[in-house]
Amino acid sequence: MVRVSSNPLILHGRHFGRTVFALCNYPALLTSGILRLEESESQDSLIEDYPADIRQEHRVFMELLDSYPGLLDRLTSGEEEDVLHIGELLGKGASGARGDDTKTLKSAVLEWLVPRGQVIIPPLSRNIKSDRGFNHEATGALLCPAGLDWSDVETKEGLKSGETAVRGDQWPIFLYADHIYDPEDPWKGLLRSDILIFGFKHVFTSPSSVDKEPKATRSGNAYLHGMKSVTKGSLAYIATQVRFSLSSSSVFSRTDTVTDSENFYHSILDLLEDPAESEEVGDLMIWWTRRVFPNSSSSQRSISKNSALSKIREKRAALQERAASVTN
């Protein structure tokens with residue numbers, strides 16, 4: 001059983017890393033964030049004027065402040081050493097949770113590679129990962145980049161030997177529902193695969209919930225933190241964790257150029273946070289929340305047909321359409 005510190009900042013770091021932003025230097029995030037707040041007050045500088053990566057970092061900083069009451073006061077009233085210490089505690093929580101999830105998923109993912117009752121041939125070790133990745137038919141087929149054909153002998157050999165390098169932004173086929181990728185419609189089925197749902201339930205609603213009706217158990221991380229909907233950060237996090245569990249790499253490292261996990265994580269998160277993709281992303285997040293948290297209010301937003309509310313909405317839409325046609 002995993003032992004978790006009771007320090008509130010460490011506990012918050014665990015959940016924040018899983019659900020908002022997993023891979024960052026928290027002391028640096030806090031120090032830079034405070035400086036930007038001071039600059040914006042004294043120089044009337046706008047966050048929109050900063051480069052895209054700084055704007056993203058600042059969004060994460062502001063979300064961290066919003067998610068932990070009293071944190072801003074503690075940061076602004078303390079010395080620099082206090083800020084760094086708070087950042088270290090948050091970072092300890094985030095990295096600790098990531099390590100715990102990496103450890104448990106390493107074994108759990110083997111249960112999801114083949115239908116229940118079937119066995120993996122040849123067998124895969126639960127503790128040693130060297131025979132995973134492109135070294136095994138089952139994991140290789142899932143990790144094969146969308147658009148490449150794993151059944152093609154040359155493709156398979158190139159991936160096995162490393163001659164065909166796979167970057168983090170070359171997404172594996174397992175991200176797609178039924179492992180089917182349509183190059184004409186690359187959004188179709190993206191981030192809707194069973195193995196991702198299993199991974200999400202394993203981490204957030206408890207390992208025992210994977211095979212059951214979706215509900216957050218009292219011991220699950222989602223329940224403990226009042227999580228009632230799937231976040232963009234949590235989806236990118238689970239995709240990164242499942243991808244790593246299928247790989248042959250033994251240690252999760254942000255600087256690992258073989259798995260290129262940091263690039264992969266950011267590429268997924270960048271897509272989910274892209275305003276131009278908001279319609280598809282909105283549908284995706286509702287789809288996920290309905291599957292993992294079906295009893296939450298955010299998953300029950302569809303309006304009953306023939307209800308009074310549906311009639312009000314229909315009438316309002318008709319009036320707006322009529323008004324638009326008159327002005328045109």
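You're looking at a predicted model, where local features need pLDDT of at least 70, side-chain atom pairs count only at pLDDT 80 or more, and totals for chains, interfaces and linings use all residues. Residues are numbered from 1 along each chain as its sequence is written, and side-chain values use heavy atoms, with hydrogens and water left out.

**Stop 1: the core.** Of the chain's 328 residues, 44% count as buried (under 20% relative accessible area with a 1.4 Å probe, protein chains only; exposed is over 50%, partly exposed in between). Now select Leu175, Leu191 and Trp288: they have the most contacts inside the largest nonpolar core, which has 78 residues. Such a core is a set of buried Ala, Val, Leu, Ile, Met, Phe, Trp, Tyr and Cys residues joined through side-chain atoms within 4.5 Å. Helix α10 (residues 232-246) gives the largest share of this core, 8 residues.

Zoom in on Leu175. Which residues does Leu175 contact, leaving aside neighbours within four places in sequence? Among them are Leu191, Ala239, Phe264 and Ile268 (contact means heavy atoms within 4.5 Å).

**Stop 2: ring pairs.** The structure holds 9 aromatic pairs. Rings of Phe, Tyr and Trp (its six-membered ring) pair if their centres lie within 6.5 Å; planes under 30 degrees apart are stacked, over 60 edge-to-face, and the rest tilted. Select Phe21 and Tyr265, an edge-to-face pair with 6.0 Å centre to centre and 70 degrees between the planes. This pair links distant parts of the chain, 244 residues apart: Phe21 is in the loop between α1 (8-19) and α2 (26-43), Tyr265 in helix α11 (residues 261-272). Both Phe21 and Tyr265 are buried.

Next, pick Phe200 and Trp288. Their ring centres are 5.4 Å apart and their planes at 50 degrees, so this pair is tilted. Phe200 sits in helix α8 (residues 194-204) and Trp288 in helix α12 (residues 278-292), 88 residues apart.

**Stop 3: charges over rings.** Show Lys129, which lies over the face of Phe244 at 3.7 Å from the ring centre. Then find Arg243, whose charged end sits over the ring of Phe264, 4.5 Å from its centre. To count, NZ of Lys or CZ of Arg must be within 6 Å of the ring centre and within 35 degrees of the ring normal.

Definitions and conventions: Helices (H or I, at least four residues) and strands (E, at least two) are DSSP runs, numbered from the N terminus.
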